[in-house]
Amino acid sequence: MRDCAVEILEDVQGRADPRAIAIQQVGIRAVRHPMQFQDRDGAVQPTIAQCNMYVSLPAHLKGTHMSRFIEVLNAHESPFSVESFGAAVEQMRQRLEADSARLEMRLPFFVQKAAPVSGVKSMLDYEVELIGEITPAGYLLTIGVMVPVTSLCPCSKSISEYGAHNQRAHVWVHVRAHETIWIKDIIDLIEAEASCQLYGVLKRPDEKYVTEYAYDHPKFVEDMVRDVALRLREDPRVRWFSVSSENFESIHNHSAYAMIEMEK
Ligand SMILES: Nc1nc2c(ncn2[C@@H]2O[C@H](COP(=O)(O)OP(=O)(O)OP(=O)(O)O)[C@@H](O)[C@H]2O)c(=O)[nH]1
């Protein structure tokens, strides 16, 4: 067997490139990696992130150091959070010897909730997206959260002698902030504006409660994104946001959708 440790291998990606074209993003996509995630309450939860990792490559170099992206992930032992994310992007930028770096992570995030009447505890899963970019101009973090909620149609309630159609909706909020805004802050804000929030476990008294609560808080998809946008516009921590809602209609085989984006 040949001994790779002593063999001299050419560093092809370090060769000069004659085309003189810089690359804005080169790297790896769709890497799944186990990690620890920490949010507002300080508890650390294990999860699995799907990562995209990119750096810039100057015009004179042929290739980037592909293996180092995974090395960076594996070397990262401390929990990720909205506060520590910038340090992780900077580690990647330095290890790849690049001017700019971009780290995108999407992960399931779990919250233990108590049912509204019985108090029975259960976990609910949300989706989180963290997108951190370091360029010579500075660091930009975009935080995204998808919150599943109930929406109940105000028109259906108004025109029907009894009942109202309702559906599950996926509300995505992305924010860029002046200061720390936690994932749980965004979840609380969205759930407060839904026709009703969701729970993993509901006993019969809870089911009666959420049915009547949703009936008392009807929302079109437009109401949903406007009411969340109002809260984000009033929040001094937020400097840019987008909010969208996709309502999986129960009376159609298609979704209703609305989106608002605002730079403050
Ligand atoms: N740049 C580049 N590398 C690729 C690609 N596809 C596979 N690779 C391989 O990724 C491997 C690892 O690259 P490097 O990180 O530069 O590996 P290395 O030179 O042994 O490690 P370092 O000394 O840390 O730079 C190389 O063997 C490349 O051939 C590609 O499209 N671009």
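The structure is a predicted model, in which local features need pLDDT of at least 70, side-chain atom pairs count only at pLDDT 80 or more, and totals for chains, interfaces and linings use all residues. Residues are numbered from 1 along each chain as its sequence is written.

Helix 1 (residues 66-75) has Phe-69, Val-72 and Leu-73 buried; buried denotes 20 or more other C-beta atoms within 10 Å of the residue's own, and exposed denotes 12 or fewer. These three lie on the same side of helix 1 because they cover an arc of only 95 degrees around the axis, the arc being that of the directions from the helix axis to the C-beta atoms. Ser-67, Asn-74 and Ala-75, on the other side of helix 1, are exposed. Helices (H or I, at least four residues) and strands (E, at least two) are DSSP runs, numbered from the N terminus.

The table presents strand pairings; two strands pair if DSSP finds at least two bridges between them.

| Strands | Sense | Bridges |
|---|---|---|
| Strand 3 (residues 101-114) and strand 4 (residues 121-135) | antiparallel | 14 bridges |
| Strand 4 and strand 5 | antiparallel | nine bridges |

Strand 3 and strand 4 form a hairpin with six residues between them, and Gly-119 in the turn has a positive phi of about 75 degrees. Another hairpin joins strand 4 to strand 5 through two residues. Ile-131 stands opposite Thr-142 in strand 5.
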